[in-house]
Amino acid sequence: MDDGQFVFLVDDDADIRGSLARALGLRGYVVRPFASAQDFLENYEQDLSGCLLLDYGMPKMDGLQLQKRLNDMGSPLPVIFITGHGGVPESVEAMKMGAVDFLEKPFKQSVLIERIEAALETDRRRRAVDMQISGIVTRFQSLTDREKEISLLLATRPGQNSSKEIARQLGISPRTVDHHRARILAKMDVATVAELVETSLKAGLVSDHDV
Amino acid sequence: MMKSLGAILALALAGLQLLAIAVVVFSSYFTSERTLLEHARTQMVDVGTNVIQHTKWFMSPARSAAELSTALASNQIIRREERENLEGLLFQQLRSAPQFAGAYYGDEAGNFVYVKRQDENVYLTKIVDVAVSARTRTKFIKRSESFDSLEWFFDPEDRYDPRSRPWYREAKAYRNSIWTDPYIFFTSQSPGITAATPVVGFDDRVQGVVGVDIEIRELSSFLSQLRVGKNGAAFILNRNGDVIAHPDPDLLITQTNDGGLSFPSIDTLDDPIARAAFGNRLSGDGVALDGLIQSDFEHQGQQFVSLIMPFGLDDIPWTIVLYAPENDFIGTIKENRTQNTLIAVAVAAMTALLGLALANKIHAPVRAFAVRSALISQGEVNPKDPMPTTYKELENANTTLVNEISQRRKTEAEYRLAFEKASRGMVHIESTTGRLLRVNESFSKLLGFSEEELVGTTFQSRISADDQDTLDEFEDRISGHASFGFEAKVIGKDGSPIWISLNGIFFQADADGGTYIVATIDDITQARASEEQIETLHREIAHYSRQEMMGELATGLAHELNQPLTAITQNVDAADYILGHAPDKVPDVKGLLNEIDQQAHQAADIIRALRALVRKDENIPDDFDIRELLVQARRLVRSDARQHAIDIVLVRGEDLQVRAVRVQIAQVVVNLLRNAIEAIAESDSNARKITVSVQSTDKFARVNVEDDGPGIADSLRLFSPFETTKSDGMGLGLSISKTLIEANGGEIWHEHSVKGTRFSFTLPLKGMDDG
């Protein structure tokens, strides 16, 4: 819990902000309360890890609008909506946009803690994956153009794309393909073609339907 | 009480008669009296003039005699030395007039010849001769009528000197004939007067003086014979005020202090009437009058007329005074006047009796006519019956009366029919009691009673006994005097309520001020029911609208309520955690509990505000604090307002209690606030504020809700149903608000304010009667 993660709290109600921050603070969370969405946006930095407790109904920019802004910015911050309204259409919209949860005020503290923990875990994990992917991408970028071409063909149709087939498609010898394949596996730090396929998928280099 | 025609006629006749006679009698009396008195005065002047003439005539011989003697003496016809002849001359003069008392001549030397009447037919001569010795100087000779000497003697004691006598000195000084003042003759003790004439010689010197004595007692007897009126009298005054002639000669001689005799002054005359007749006209100069004086005076209650008349002769400076009682002249007509008055009264009494009889005769047909008219109006005589014999004027009146009566009967019949058969209810109500005097078929039918059951009962008994307001209003209306109309609920025979509209007009029942009301009555039960239905519908619409509003508010309210609840759960959690895991922070728990308490109350406030709107609408006005209601209403829309970042500012002001149905007003305020919020929410304005203020105006509280929104187009008919600017609204909110405010005795209106829109409404203040 103390691994540098924040619980960001945006709510226009001072009572809520105060009591929630205090209760969570006692439990050891580092809470950053904000009175409005703008306030939060001005202070938030993307590489800060944690989760966002976001009030749904606020003047000027409400919770949903802020979520959209964060999505637009590509922020990975998991969002837990807390709302007094609790309307179904709003919650559906929020969940569609990637909210991890939608809690109706007043909520049980245990549930909130559970959700916060889950969100922080998600964030942590996502950040780990992000690190992995960025490694894969970096490694992929170190391949030559021919190697990139071959690795994509391999990753796309690993079953059907034998060295011979690829060689025929590219108009080069199968041996050369084998040679390239060994270099690709080495550069991408994978042992097998199957592992390459997995990594490529993870990094988004190829998509599922391509496979 | 009207007076009888007969009495008026009799009294008027008698009175007029008496008046006329009185006027004639008195006018004639006064005219006669004046004329007679005038005549009396003229007569008195005549008498006075007569007296003066008589006196002149009476006295003139003395003067003539004196002057004749003087002429003879001065012409030497009779020499003074010849005393015999002088005596004879004087003797003859004396005999020429019976009023002469004596004639004499005195000269400058002191010689004196005097002849006087002694007794009847006996004369006495006195001769003073200064030339002889004293013993024989004064000689007396008695002579008969024929001048024969009867006896003679000397009187040596006599020292008479004519030159010392007044008549001599006066005539000598005056050098002309003079009259002396009257005086009492020493010898005869009679009043008399002397005419003296000086004898002037060739040398123009007075040689001597001739004197003639004349007794004026004769004047008094003349006056006593004089008729002045019946009981009047006259007397003569000398210039010094002495009375020298008077009907009673005994009054003329008075004793002076030195034993001499003199005339009495008018002031001391022993005749009070005479004194009163002259009055106080004696001055220091004696009798000094400019002309004759006609006067009147009163003595011992009797009225006199008087005349004071100077003789107007240079040598006789006398004044005659005449007087007589008025009654001598007008006594008869005075008596006559009394008689006439008595006659007048008698005639007047007779006239009165005659008038009474006459009036009775004139009045009889009139009375017969009056009786007949009374009988006709009571319906006991047919107007077509022949008239008793009467006057033409009364016959005309009778014709008019008969027409009037038949016209009235016709009108009455028409009214009776109209009244009884009218399709509307009609009643006559006694105004003092409310008793039904007359009812018609429609009214009986409406209530379900028979006419007999209703007449005699009061209208009030038809009103439900527990409906005190209507009872009071009815009592109030019938005790007034203006026509009126009002609506009331009455109870039919079967107990069913019937709404009626009653219009009443006051009529005078009789002369002594009693009034009754003719009222028309319409059954408005049906109309009332419709009105009530409409009212119920209105209230239902308001109710549903409020419910709908509640639904719309629910989300916001839930949020609003969840806020404090959430804070509470958080604070409970914090406290719980401290107690379980952080013993060092236990002191903070108290602060947490305080916060929890506050937040719980916040939640309670919201519930209370909510209850203000969900409370059942009993439609009963109540007194409440309008500001408290505004605070609660703000609470209810706060969530919405916050959603749109709108501030609702409640301007501080006085606390005002209003009288209204609270839940209805809450509905209006919430509606206005929500409209304002929506107006601002739809605008991009930066000033997001709603200002709510309260002020009191006279008998009302006024609430203003002002927003900074874009305003409302003028074309929109606000407060009308289905007029709206909102895409999702029915447009009923303001229409209902208007209905509600007006039902509570207030008004609601809209105006453009500086920044946006202002809605205002009024409500009657607590304790203000909205009627």
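Modeller: Happy to; here come a few labels and the reasoning behind them, for a model that is predicted.

Biologist: What makes residues of chain B count as in contact with chain A?

Modeller: The test is C-beta atoms, placed from the backbone, within 7 Å. By that cut-off, 22 residues of chain B are in contact with 19 residues of chain A. On the chain B side, helix 12 (525-581) and helix 14 (626-643) are the elements that give two or more residues. The largest share, 16 residues, comes from helix 12 of chain B.

Biologist: Which classes of residue make up that side of chain B?

Modeller: It has nine nonpolar, eleven polar and two charged residues.

Biologist: How do you know that strand 27 and strand 28 of chain B pair?

Modeller: Pairing needs at least two bridges between the strands. Five bridges join strand 27 of chain B to strand 28 (residues 757-764) of chain B, so the two count as paired, and they run antiparallel. Within strand 28 of chain B, Thr757(B) stands opposite His752(B).

Biologist: Why are strand 23 and strand 27 of chain B said to stand at the edges?

Modeller: The open sheet has five strands in the order 23-25-26-28-27 (chain B), with mixed pairing. Strand 23 (647-650) and strand 27 (748-752) of chain B each have a single partner strand, so one side of each lacks a neighbour in the sheet. From one strand to the next, the twist averages 20 degrees.

Biologist: Where does helix 14 of chain B lie?

Modeller: Helix 14 of chain B lies across strand 23, strand 25 (689-697), strand 26 (700-707) and strand 28 of chain B. Its direction is at about 175 degrees to strand 23 of chain B.

Definitions and conventions: Residues are numbered from 1 along each chain as its sequence is written. Chains are lettered from A and ligands numbered from 1 in the order in which they are written. This is a predicted model: local features need pLDDT of at least 70, side-chain atom pairs count only at pLDDT 80 or more; totals for chains, interfaces and linings use all residues. Two residues are in contact if their C-beta atoms, placed from the backbone, lie within 7 Å. Helices (H or I, at least four residues) and strands (E, at least two) are DSSP runs, numbered from the N terminus. Ala, Val, Leu, Ile, Met, Phe, Trp, Tyr, Cys and Pro count as nonpolar, Asp, Glu, Lys and Arg as charged, and the others, Gly among them, as polar. Axes are lines fitted to C-alpha atoms, for helices over the stretch in contact, and angles run from 0 to 180 degrees between N-to-C directions.
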